[in-house]
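Subject: Structure handover

Hello,

Here is the structure for you to look over. My notes on what was found in it come after.

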Amino acid sequence: SSNMENDVSLKFRQQLLLIDENLGAEDVAALKFLCTDLLPFKKLESVKSAVDIFQLLMAEEYLNEKDTFLLAELLYRIKCHSLLKKLGYTKEKVQEYLHEKGRVSPYRQMLYELSENITNEMLKDIIFLLQNCLPKRRMTLSALDLLILLEKQGLLTENNVQVLEEVCMNVSPHLLETVNCYKRAKVLLPQQENPLPVKESSLSHTGDIRGFPSPQVHWKELLLSVKQYFKDKKYCIVTKLLFATFTNIGFLFINIYAAFSLSFLQNIASYKMDGPHRGFCLVINNVNFGSSLQERKGSCKDAGELERVFTWLGLDVRTYKDLTSWEIKNLMQTWQRLQDHKDRDCFICCILSHGESGAIYGKDEQLVSIRTIMSHFTAKRCPQLAEKPKLFFIQACQGKEIQRPVYVEADARIPDLPSMQQSISPSESIPEEADFLLGMATIDGYVSFRHVEQGAWYIQALCSKLKLLVPRGEDILSILTEVNEDVGRRVDRWGTKKQMPQPAYTLRRKFIFPIPRDPPPS
């Protein structure tokens with residue numbers, strides 16, 4: 001019995017080590033933050049790795065081999081859904097038990113969600129506004145560091161989030177909705193017997209920054225608000241701000257707002273696509289692999305067709321052939337840091353390779369998760385593409401190999417090599433923030449087909465429908481619906497094998513390519 005318990009304990013700790021190996025520095029910082037209400041802060045300050053956090057959770061009896069739900073919840077909160085399987089959970093199973101067993105407070109969840117949506121530029125503006133509340137010594141702060149600092153100083157508590165409301169209103173009003181959702185939910189929750197009174201905003205005591213509404217607005221707030229006005233055309237926010245401050249000027253801006261309203265409402269339904277440059281399009285074409293994966297014959301035809309079509313649509317196309325997993329990750333980091341995105345309307349990336357569930361193979365036959373690839377271009381990591389559409393098209397299998405005829409091949413491993421990947425749906429691959437689209441050649445768990453001479457069914461249908469429907473003014477989701485219909489009708493020469501593509505997206509508006517002046521490429 002004792003030996004069995006030791007075996008269970010050893011296996012459990014091995015699982016924790018495997019999870020630790022898959023978590024980066026940002027993930028560890030997020031775990032520390034989410035555990036702030038559960039673990040002594042002094043102990044959390046000394047944490048260097050995820051294993052350190054696991055040790056603290058076990059010491060406080062929050063985590064053991066019989067009850068791993070808290071760790072599952074934490075991984076779910078930081079969106080590391082692929083690691084849940086190591087604990088015997090799925091994303092859906094965690095969601096099912098959260099209401100009953102969840103330990104991360106709504107307040108902590110709200111702060112973390114807020115930090116995930118604060119770009120580097122926003123963070124600079126927030127620090128600028130709060131500089132009199134922060135230590136005089138210069139330090140590099142992340143969004144999570146800043147929130148912890150505000151909590152330490154008593155400026156931010158579960159019952160007083162007014163400091164967040166004020167900085168969000170000034171720096172990026174769309175962040176305010178996260179705070180407001182928390183406040184609305186808090187009203188519905190059972191209250192403490194003697195709740196702490198909500199204090200007047202701590203910002204109003206600094207002498208330099210005033211709370212809203214107020215008879216005076218400090219020049220810093222006005223400067224940032226005017227900056228936001230010209231940058232994002234937030235007419236209503238600026239109008240309200242100035243109206244609350246200077247009545248006469250407020251009326252003037254209301255009239256200006258009315259004059260611009262019609263054109264603003266007409267444009268809000270679709271993404272802005274009239275900049276000086278359309279954007280970059282990357283085409284990664286992996287054809288040749290090692291001994292385990294077959295050559296992807298016909299893929300060069302797909303890459304050439306993608307290059308012709310997206311060049312016709314005004315994009316600057318860059319093609320890369322036969323990249324290893326490391327080269328793919330390095331390439332994504334290079335494009336993530338590119339400053340030239342600032343003057344572009346959108347970003348597109350097409351990957352042609354063999355694949356497994358939720359991942360694609362590099363030339364070295366090592367997997368790279370689709371989520372890892374896409375997450376390089378979130379607003380936080382690539383602020384130049386914030387609020388701009390980012391489209392990813394993946395031609396690769398997402399499941400196990402099936403028997404193949406001579407003229408149709410499947411973009412997957414050969415049959416005698418079992419897949420080590422767990423099933424990951426497109427909705428799990430796509431980053432959980434706005435402005436992404438992921439077009440998959442096939443639904444999860446299935447192969448996608450490629451003709452050795454004519455190219456992949458999905459890519460050929462995509463290019464064909466773009467050439468046909470862009471000149472008609474159709475948006476990308478309507479075009480992808482037509483692609484689904486086209487591919488869904490195709491069968492192999494024996495009439496036994498079919499395929500169905502699957503898009504997943506978090507687009508907030510319609511994505512419509514401007515109609516090119518030239519006719520479509522033949």
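The notes below run from the whole chain to single side chains.

This is a predicted model: local features need pLDDT of at least 70, side-chain atom pairs count only at pLDDT 80 or more, and totals for chains, interfaces and linings use all residues. Residues are numbered from 1 along each chain as its sequence is written, and side-chain values use heavy atoms, with hydrogens and water left out.

Overall

The chain has 20 helices and 12 strands. These are DSSP runs, numbered from the N terminus: helices are H or I with at least four residues, strands are E with at least two. Of the 522 residues, 50% are buried. Buried means under 20% relative accessible area, exposed means over 50%, and partly exposed is in between (1.4 Å probe, protein chains only). Take the contacts between residues at least 6 apart in sequence: 73% join residues at least 24 apart. A contact is heavy atoms within 4.5 Å.

Cores

The largest nonpolar core has 71 residues. The term covers buried Ala, Val, Leu, Ile, Met, Phe, Trp, Tyr and Cys residues joined through side-chain atoms within 4.5 Å. Leu23, Leu57, Leu75, Ile78, Leu156 and Leu164 touch the most other members. Domain 1 (1–104) and domain 2 (109–186) both contribute residues, so this core lies between them. The domain bounds come from an automatic or database domain assignment. Apart from this core lies another, of 38 residues, including Ala303, Phe310, Ala441 and Val470. In soluble globular proteins, nonpolar side chains tend to be buried together.

Setting aside neighbours within four places in sequence, Leu75 is in contact with Ile19, Leu23, Cys80, His81, Leu83, Leu84 and Leu87.

Helix α6

Helix α6 spans residues 91–101, and its buried residues are Lys91, Val94 and Leu98. Seen down the axis, they fall within an arc of 55°, so they line one face of the helix. The arc is that of the directions from the helix axis to the C-beta atoms. Glu96, His99 and Glu100 are exposed, on the face turned away from the buried side.

Glu365

Glu365 sits in the loop between β5 (359–361) and β6 (367–369). Glu365 is buried, at 13% relative accessible area. Its side chain reaches two backbone nitrogens: that of Gly290 at 2.9 Å and that of Ser292 at 3.0 Å.

Salt bridges

The structure holds 12 salt bridges. Each is a side-chain nitrogen of Lys or Arg within 4 Å of a carboxyl oxygen of Asp or Glu.

- Glu165 and Lys183 meet at 2.9 Å, N to O. The pair links distant parts of the chain, helix α10 (residues 162–171) and helix α11 (residues 176–188), 18 residues apart. Glu165 is buried at 19% relative accessibility, whereas Lys183 is partly exposed at 35%.
- Asp274 and Lys272 meet at 3.2 Å, N to O. Both are exposed.
- Arg308 and Glu305 have their closest N and O atoms 2.8 Å apart. Both lie in helix α15 (residues 299–312), 3 residues apart, about one turn. Arg308 is partly exposed at 40%; Glu305 is buried at 10%.

Best wishes

Key:
Polar contact = N/O pair within 3.5 Å; in protein donor to acceptor, adjacent residues only side chain to side chain.
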